[in-house]
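Please prepare a short briefing on the protein shown below, written for a reader who is new to protein structures.

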Amino acid sequence: MAKIVRRHIINTVKQGYFKHNLLLYLCIAAVIFCAVLAFYTYGISLIIIPFLLVLIIRLKKQVGILLAGVKGEENTLETLSLLPDVYFVICDVTLCVKNKTAQIDYIVVGPTGIFIIECKNLSGSICGNVNDRYLYKTKNLSNSSYERKEIYNPLFQVATHSKLLSELLFEKKIYNIVSGCVYFSSPKAEVNLSGSCNISVFSKSQRGDNKLLDFICQGKKEKLTPRQIKRIKNYIFSHCK
């Protein structure tokens, strides 16, 4: 199994989940408190409850989104851990290069090269052109209608992150190409993107697990030695926070 390198045990997505979950329970407690207090304030405290209920609905929706993100990251990490033990997987890091920063889900370093993986746990139909700044996510609702949202193209994120990591490695005279990909980890995602670019896209619903591992294991023709792998891993890790 691959060697998992964690910068933080609780990453940014989990932090957001715990924070919003705590706020949700505090709002629920506040509603109960206002209801009890109504006996002593002649019902005046009940005025606050509608505002709290609106906040609870919004927080509940955000908690659901963050929980999906946590599950998606865990599933992706489980897949990446299946790589051979010559690979290092650096999880959820903020890469710092001069005055620039980038939050990266996974950086993989192994004999076949250096890889950046952006994980997206979105459900529904994802469509658009790979070269467009925004994609469209369409999700069927229970009342026979559908919801369509515009989402920022994650391929642009990967391109920016790959360029930043390449700049960092170039300072150390490491000229290996950084390969990037986007992995849609939800089995409920149907990805249909048109156009072509140098960033790969994989979806769990389309045998993405196997394709992601093949993408990494096949990699580049120039193989990195164990010494080079460790050197690159340590150098990347030293510029993360």
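**Briefing: cores and overall make-up**

Leaving aside residues up to four places away in sequence, Leu169 touches Ile114, Ile174, Val178, Ile232, Tyr235 and Ile236, where a contact means heavy atoms within 4.5 Å. This is a predicted model, in which local features need pLDDT of at least 70 and side-chain atom pairs count only at pLDDT 80 or more, while totals for chains, interfaces and linings use all residues. Residues are numbered from 1 along each chain as its sequence is written, and side-chain values use heavy atoms, with hydrogens and water left out.

**Nonpolar cores**

- A nonpolar core is a set of buried Ala, Val, Leu, Ile, Met, Phe, Trp, Tyr and Cys residues joined through side-chain atoms within 4.5 Å, and buried means under 20% relative accessible area with a 1.4 Å probe, counting protein chains only.
- The largest such core has 35 residues, and those that touch the most other members are Leu95, Ile107, Ile114, Leu165, Leu169, Ile232 and Ile236.
- Among the elements that give two or more residues to this core are strand S4 (113–120), helix H3 (154–171) and helix H5 (226–238), and H3 supplies the largest share, six residues.
- Another core, of 19 residues, lies apart from it and includes Ala2, Leu77, Leu80 and Tyr183.

**Whole protein**

- The secondary structure comes to five helices and 10 strands, which are DSSP runs (H or I, at least four residues, for helices; E, at least two, for strands) numbered from the N terminus.
- Of the 241 residues in the protein, 41% are buried.
- Among contacts with a separation of 6 or more, 64% are between residues 24 or more positions apart.

How values were computed:
Buried < 20%, exposed > 50% of the residue type's maximum accessible area, 1.4 Å probe, protein only.
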